[in-house]
Amino acid sequence: MATKLCRGTFDAEDLAQDVLLKVVHQYDRLPPGTNHAAWMARVMRNLFIDRLRARASRRPAIGLDDVVVAAPPPEEPAWWEELSRDDVRAGTAQLPDELRGAFERFAFDGQSYKEISAALGIPVATVGTRVLRARRRLRVILGGRDDD
Amino acid sequence: MTTDPDDLHALVARHFDGELSDADSARALDHLTVCAQCQAELGDLVGLEVALGREAPHADVRPAGRSPIAAGRRRRWVAPVALVGALAAAAGVVAVVRGGSAGKAAEAPALALAASRAVEVRFTAPAFARYRPYAVERGGGTGEALSLEALARLERQGDLATLAAAQASGGELAAARRALAGMAPGPGRDADLAALELLAGHAEDALIASEQALAGAPTLAAAQWNRALALHGLGLELVAAHTLDQVVAAGEPGWADEARAKVTAWRAALAQRGPNSVAFTSAARAMVDRTGPALTVADAIARPGLTRLYFHDALRGAADAAEARALAPLAAELDRQVGNQLATAAVTRVAALPASTWTARTPLARAYRDLVLGRAADGGAALVARLGRAPAALDDLKLGALVLAGGPSRAAEVERLVAATGDPWFELMVVRDRGRALLTTGALDRAEVVLRGGYARCDGRLWAHRCAHLAIELFTLYASQTRYVEAEAFAGEAVRQFRASGATEPEVTRPWGCLGPRPSVGGRLVLAAATFERCWRASASGRLRVAAAMLTPAAGW
């Protein structure tokens, strides 16, 4: 996950390590029943965005203690917190054919845009559009918000 | 840097997927720091990834020689994927190239588009005006991908029409809608809005927008094009084809050919729809013209209203007794339906006319055929004049000619002739005309009394065709007075009567304006916003609420 967030910016392992430290520091304060994976993902996203902000404001890289992490639960659970891979697969089955084709290859077969482009005979940019649209639809299908 | 959230959303996602160059990643992440929406979407990306349980990046973007954690060392990974825009260009999709000498940022870039277009609709932006064939994508298509650089440049230049067209062609409808919202109002924007509504699957809204565009610019090709697609989407193939005929006639290279192909296909599809189609009308006209046999009992059962209309025309147009007698089976069926003998009596009376009467009647009957079939250049004026001196034996012809030639000055004579027939079929027509005339003069109270009195005779489906028209007038009356409850009730009555008359096909259930809050556009009445039934359904669901709908009957009723 960290590698995906950090491409070309920060060291992914550093970010992952910071997340783990945060987990260690706050683990005891998490309410029972907390979805740990989901919470960690949130922490990671928040740390990542905070680092970006720090970089943008030209402040020196800040340490863990300076980072304000969004409060862990009680916060309304994110739409994806309880979802499994199978849930996503079931949601994917409801996508229109062309979105499903691109997204399945991307998410479940691990193919890159370029590989999907070659396999489906469509431009790489179109692959990107389809994957993006597939994700947005999945958010709706799987119980997320519909911002349109 | 563009500030369009949709574009940057796309960038953020592609960064996350490892599909961006360093430069584009930097742009994406710079924006991410200030965009709450992007951050939220990033949360979604992360969450989906968690759900998928996929931690490893894709093989082709995983950096070579990945090392374990090195404290204090900051490493940058280089994604080996080229610029999205460059890839798009290489794939022949969309690219922005500069016109003229390179390198001058002030020069307007020319938008170089793919050889084919991904959407069927038309946009007004000049870059999209050149014809490109429509390439249908399987499953609906995600459109043409446009480089983010191109979109950003268009936005910077304030070329919102091109930006909207590009975004819409790429499937980014929300962004395109925002771009349109920034444009100055006018026919161009309305035509583009119609395109957007079509892409969004809102044919009614597309029709309204294109009507508005055409009100300001009657020959705007993009508006005509989109209007035709909207009409077709609403099931109004005939009107749609008629609209597209104008594009064919305009003769724009490429567009005219595609329009011709569409029109041909639409008309062919209509012709294959059995009795409720163009085929029925053709057969009915052939009966009147004696180039074909009489309509059948099956026709009369399927389309009682229109069959009765054409039956009377055919009887008036009979050139001799034999032609009149040939209509007897049809008359018997029509009589059976309404429980009287009036149609049969009419056939018998005409067939029994003496030879001396036929001498005068035959040429007038042929002239009447011409009038019915649209071949009378003067709209029937000469025929009406000739029939003015005709004996009572030709009263049926006179009635038909007066009705077709129309005009309020003839109303009294029509009423006299109708009274002599004693036929509810004609009497209800008179009620409608009387009510309509009162409506026109603003005598709404009297119009209501007349029309409601007539509609009181509409019991069951005996005279469904006529009663549908009465219901339409009552709907108009109440809608114009914003008496929505009654208006909707009669809208429902009209639908019920139309169905009972068998007039369920679009070319018969003529398009009716149903524009809600806009009684007219540009000072002219608006035709064909939707079928009457569609208006009714929309009002019932509360979406259009009928409101001050303008009901403008298409020619031919």
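Me: Where does R290(B) sit in chain B?
Reply: R290(B) is in the loop between α13 (278–289) and α14 (297–302) of chain B. Bear in mind that this is a predicted model.

Me: What's the phi of R290(B)?
Reply: R290(B) has a positive phi of about 60°, although it is not a glycine.

Me: And is R290(B) buried, partly exposed or exposed?
Reply: R290(B) counts as partly exposed, because it has 16 C-beta neighbours inside 10 Å.

Me: OK, other loops. Where's P354(B)?
Reply: P354(B) is in the loop between α18 (342–351) and α19 (355–372) of chain B.

Me: Buried or exposed, that P354(B)?
Reply: P354(B) has 9 C-beta neighbours inside 10 Å, so it counts as exposed. The cut-off for exposed is 12 or fewer.

Me: How far is P354(B) from A393(B)?
Reply: Their C-alpha atoms are 10.0 Å apart, and P354(B) and A393(B) are separated by 39 residues along the chain.

Me: Which loop has D423(B) in it?
Reply: D423(B) is in the loop between α22 (411–421) and α23 (424–440) of chain B. With 18 C-beta neighbours inside 10 Å, D423(B) counts as partly exposed.

Me: What's the C-alpha distance from D423(B) to Q341(B)?
Reply: That distance is 9.9 Å, with D423(B) and Q341(B) 82 residues apart along the chain.

Me: Let's do helix packing. How do α17 and α18 of chain B cross?
Reply: The axes of α17(B), residues 328–338, and α18(B) come within 7 Å and cross at roughly 155°. That angle makes α17(B) roughly antiparallel to α18(B), because over 145 degrees counts as roughly antiparallel.

Me: Which residues make that contact between α17(B) and α18(B)?
Reply: From α17(B) you have A328(B), A331(B), A332(B), L334(B) and D335(B). α18(B) brings L342(B), A343(B), T344(B) and V347(B). By class, the contact of α17(B) with α18(B) has seven nonpolar residues, one polar and one charged.

Me: Which residues have the most contacts inside the largest nonpolar core?
Reply: Those are A164(B), A194(B) and A230(B), and the core has 96 residues.

Me: What does A194(B) touch, leaving out residues up to four places away in sequence?
Reply: A194(B) touches A206(B), A209(B), S210(B), A213(B), A223(B), N226(B), R227(B) and A230(B).

Me: One more helix in chain B: how many residues has α24, and how far does it reach?
Reply: α24(B), residues 444–455, has 12 residues and reaches 16 Å from its first C-alpha to its last. That is close to the 16 Å expected at 1.5 Å a residue.

Me: Which residues of α24(B) are buried?
Reply: The buried ones in α24(B) are A447(B), E448(B), V450(B), L451(B), G454(B) and Y455(B).

Me: Zooming out, how many helices and strands are there in chain B?
Reply: Chain B has 27 helices and four strands. Of its 557 residues, 50% are buried. Among contacts in chain B with a separation of 6 or more, 57% come from residues 24 or more positions apart.

Me: And how many helices and strands in chain A?
Reply: Chain A has seven helices and zero strands. Buried residues are 47% of its 148 residues. Contacts between residues 24 or more positions apart are 59% of the chain A contacts with a separation of 6 or more.

Me: At what angle do α6 and α7 of chain A pack?
Reply: α6(A), residues 113–120, and α7(A), residues 124–141, pack at about 105°, with their axes 8 Å apart. That makes α6(A) roughly perpendicular to α7(A).

Me: Which residues meet there, between α6(A) and α7(A)?
Reply: Y113(A), K114(A), I116(A) and S117(A) in α6(A) meet V124(A), V127(A) and G128(A) in α7(A). The residues of this contact between α6(A) and α7(A) divide into four nonpolar, two polar and one charged.

Me: Last one: where's W79(A)?
Reply: W79(A) is in the loop between α3 (36–56) and α4 (85–93) of chain A. W79(A) counts as partly exposed, because it has 19 C-beta neighbours inside 10 Å. From W79(A) to V140(A) is 9.4 Å, C-alpha to C-alpha, and the two are 61 residues apart in sequence.

Technical notes: Residues are numbered from 1 along each chain as its sequence is written. Chains are lettered from A and ligands numbered from 1 in the order in which they are written. This is a predicted model: local features need pLDDT of at least 70, side-chain atom pairs count only at pLDDT 80 or more; totals for chains, interfaces and linings use all residues. Helices (H or I, at least four residues) and strands (E, at least two) are DSSP runs, numbered from the N terminus. A residue is buried if 20 or more other C-beta atoms lie within 10 Å of its own, exposed if 12 or fewer, and partly exposed in between; C-beta atoms are placed from the backbone. Two residues are in contact if their C-beta atoms, placed from the backbone, lie within 7 Å. Axes are lines fitted to C-alpha atoms, for helices over the stretch in contact, and angles run from 0 to 180 degrees between N-to-C directions. Angles under 35 degrees count as roughly parallel, over 145 as roughly antiparallel, 65 to 115 as roughly perpendicular and the rest as oblique. Ala, Val, Leu, Ile, Met, Phe, Trp, Tyr, Cys and Pro count as nonpolar, Asp, Glu, Lys and Arg as charged, and the others, Gly among them, as polar. A nonpolar core is a set of buried Ala, Val, Leu, Ile, Met, Phe, Trp, Tyr and Cys residues joined through C-beta atoms within 7 Å. The expected span of a helix is 1.5 Å times one less than its number of residues.
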